[in-house]
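Dear colleague,

Please find below the structure that I am handing over to you. My notes on what was found in it follow directly after.

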Amino acid sequence: MKYLSKSAAFVLLAAGLAGCASNGGDNAAAPSASSSASAATASASASPSASAAVSASASPIRAEDIRLDIDRTSYTLKQWKMDGSHTTSSSGKLLIGDKPVAHAVIHVGDSKRDIATEDDGSFDMLVDQSLLAEIPVRVVSLDQATVDGQPIGKDAAERLLSVSTSISVYYPIETTKIVPSAKDPSQVEVHARVVGNDGDVVSFFQIDKYRIGGIVKDAEGHPIKDAIVWIDRDEGEGFAKSTPTDENGRYYMYYLPENDEGTNLTVTTDNGKKRYTLPKGKVFYIPDETSVDINITLPKEGTEIVDKPPTLVSVTSPGAMYTGILVGLNVPQGVNYTVTIPDKEGNFVLTVPKDVWETHPSFFETKMTKFVEDRELSWGDTLPSSFLEPGANDPKNISASQA
C-alpha cells in the first residue's frame, strides 16, 4: 500500500507582540542619562525577534514568522479497534520566528480537551484514524501564554487565536489506468481504487435502512400535529422513533427489518401524555427490503388502534436510505463529471473532461448518508457530480498515486 503524505502545514499570519515592561516602584529613582544610553545600546543590539517578543513598540512581525507546525498532516484511515490501535500520537509546535510560544492552549477537532504548549512551544496530541475527517488544529487560548517569559500583547493574541492548520484522515487513492471515453473523445475515463488496510472492511455507499412514513389522523380525519410513532420488538429490541408529525400529520423514521419479526406499534400525542397501541397480542409485520407508508387513524375513544383498514393502512413506497464512502473530484464550479459507486474492492471510474483532468485536480472522500427515492443504487452505478457534496469536515485535498 502506498501512503500519501503532505509536508507540515505552516499557517502564516501577520501579528505583533506587545510585551509588558516592568515599571519600578513609586519611590524608584529616575534613571540617569548614562543608564538610559546603556539601555538604548542594549536594545539596538538585541535580535529583531527578541525585540518583537518583549517590546510594545516593536514593528509588527512578518506573516511568515508565525507558524503552527504539525509533524504529520495526513493519515491512512483504519478501522476502530478495541485495543486502541486505531489511534496514534502526533506532535506540533507553535512558534514566532525561532521563538516558542509557551503555555498556549491548543484544541484538536471538536474535542474540548485543553492541550498546553510546553516551554519550547511543543505539544502532543492523539489522532483518531478510524474517522474519515479533516481535523482542525487551532489555538484557542493565550491567557497564560508567553514568549521569552513575557506576556503576549492584546493585538498579537487576537492574531494568534486565528492560527489553525488541519490533519486529514482518509483512504489512499491510486489510479490504475486512464483511457479516452468511448462515448466522448473530449473526456477521459479515470479508473482508480480506494485502498484500505489489509483486513479492513470498507463501507462503501449502499443501502443502510428503509424509510417508514405515513400520516396520523384523528377519528374525524384531521391530521394530528406533533404525534410520535414508535416501533420496537419485544423487550425493546429493534427500537425506532419517528420525527414529530408536521401540520399535515406526516412522520418519518428509518429502520432495517430483521427476520420477519413482528413489531409493536405505538403512537403518542400531547407530549407523550396519551399513548395508543395495537390490540393486545397484535404486532405489525414490516416487509423486508422496501420502504413502507403506514397511515394511522386514532380512535375517538379509548387507546386501542383498530388494526385493519381504513384505520390502519400499509403500502410499500419507493426509496431507501444509503450510507457509505464515495469519492469525488475537486473541479471548478460548473464542471460536470460522473463517478461510479466503488465496488467492494474499492474500484471506481471517473469520467471527466480531458482538459480538466490534465490540470491534476485532487480528490475528496465523503461518508454520505442520503435518502434516494427515484431509483435503486448498487456498486458500480454511475452518479452525476451534482449528487456529491463534501461535508465541511471531509478530507478534500487527496492526491492519487499511480498503481
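**Notes on the model**

At 44% relative accessibility, D270 counts as partly exposed. The model is a predicted one, and the values in this message were computed from it.

D270 is located in the loop that links β18 and β19. Its phi is positive, near 50 degrees, in a residue that is not a glycine. The two flanking strands, β18 (residues 262-269) and β19 (residues 274-277), pair in the antiparallel sense through 4 bridges. Across this pairing, T269 faces K274 of β19. The hairpin has 4 residues between its strands, and D270 is the one with the positive phi noted above.

**Other backbone features**

E289 also has a positive phi, of about 55 degrees, and is not a glycine. This residue sits in the loop between β20 (284-285) and β21. Is E289 buried or exposed? E289 is exposed, because its relative accessible area is 65% and the threshold for that class is over 50%. D270, at 44%, falls in the class between buried, under 20%, and exposed, over 50%.

A cis peptide bond joins P309 to P310, with omega near 5 degrees. P310 belongs to the loop between β21 (291-297) and β22 (312-317).

**The chain as a whole**

The protein chain contains 4 helices and 28 strands. Of its 403 residues, 42% are buried. Among contacts with a separation of 6 or more, 72% are between residues 24 or more positions apart. The accessible surface of the chain is about 21,900 Å², and carbon and sulfur atoms account for 49% of that area.

**Nonpolar cores**

In soluble globular proteins, nonpolar side chains tend to be buried together. Which residues touch the most other members of the largest nonpolar core? In this core of 64 residues, they are V101, V137, L142, I152, F348, F363 and F387. The strand that gives the most to the core is β23 (residues 320-329), with 6 residues. A second, separate core has 22 residues, including V267, I286, V292 and L298.

When neighbours within four places in sequence are left aside, its contacts are I173, V327, G328, L329, N330, F348, L350, W357, K396, N397, I398 and A400. F348, one of these contacts, is also listed with F363 among the core residues that touch the most other members.

Strand β25 (residues 347-353) is mostly covered, as 5 of its 7 residues are buried. It pairs with two strands treated here in turn:

- Strand β13 (residues 187-194) pairs with β25 in the antiparallel sense over 7 bridges, and V188 stands opposite V352 of β25.
- Strand β24 (residues 338-340) pairs with β25 in the antiparallel sense over 2 bridges, and T338 stands opposite T351 of β25.

The hairpin formed by β24 and β25 has 6 residues between the strands, and within it G346 adopts a positive phi near 90 degrees.

**An open sheet of mixed pairing**

Five strands form an open sheet in the order β2-β11-β8-β5-β6, and the pairing is mixed. Which strands lie at the edges? They are β2 (74-76) and β6 (115-116), each of which pairs on one side only. At the β6 end, strand β5 (residues 105-108) runs antiparallel to β6 and is joined to it by 2 bridges. In this pair, V105 stands opposite A116 of β6.

**The largest pocket**

The largest pocket holds about 370 Å³ of space. Its lining comprises 18 residues, of which V108, G109, D110, S111 and I135 are the closest to the centre. Strands β7 (122-128) and β8 (133-141) each supply at least two residues of that lining.

With kind regards

Note on methods: Residues are numbered from 1 along each chain as its sequence is written. This is a predicted model: local features need pLDDT of at least 70, side-chain atom pairs count only at pLDDT 80 or more; totals for chains, interfaces and linings use all residues. Side-chain values use heavy atoms; hydrogens and water are left out. Buried means under 20% relative accessible area, exposed over 50%, partly exposed in between (1.4 Å probe, protein chains only). Contact means heavy atoms within 4.5 Å. Accessible areas come from the Shrake-Rupley method with a 1.4 Å probe; for residues, only the protein chains shown count as cover. Two strands pair if DSSP finds at least two bridges between them. A nonpolar core is a set of buried Ala, Val, Leu, Ile, Met, Phe, Trp, Tyr and Cys residues joined through side-chain atoms within 4.5 Å. On a 1 Å grid over the protein atoms alone, a cavity is a set of points where a 1.4 Å probe fits but cannot get out, and a pocket is an open set with protein on both sides within 12 Å along at least five of seven lines; lining residues have an atom within 4 Å of a point. Grid points are joined across faces, edges and corners, and a volume is the space filled by probe spheres set on the points.
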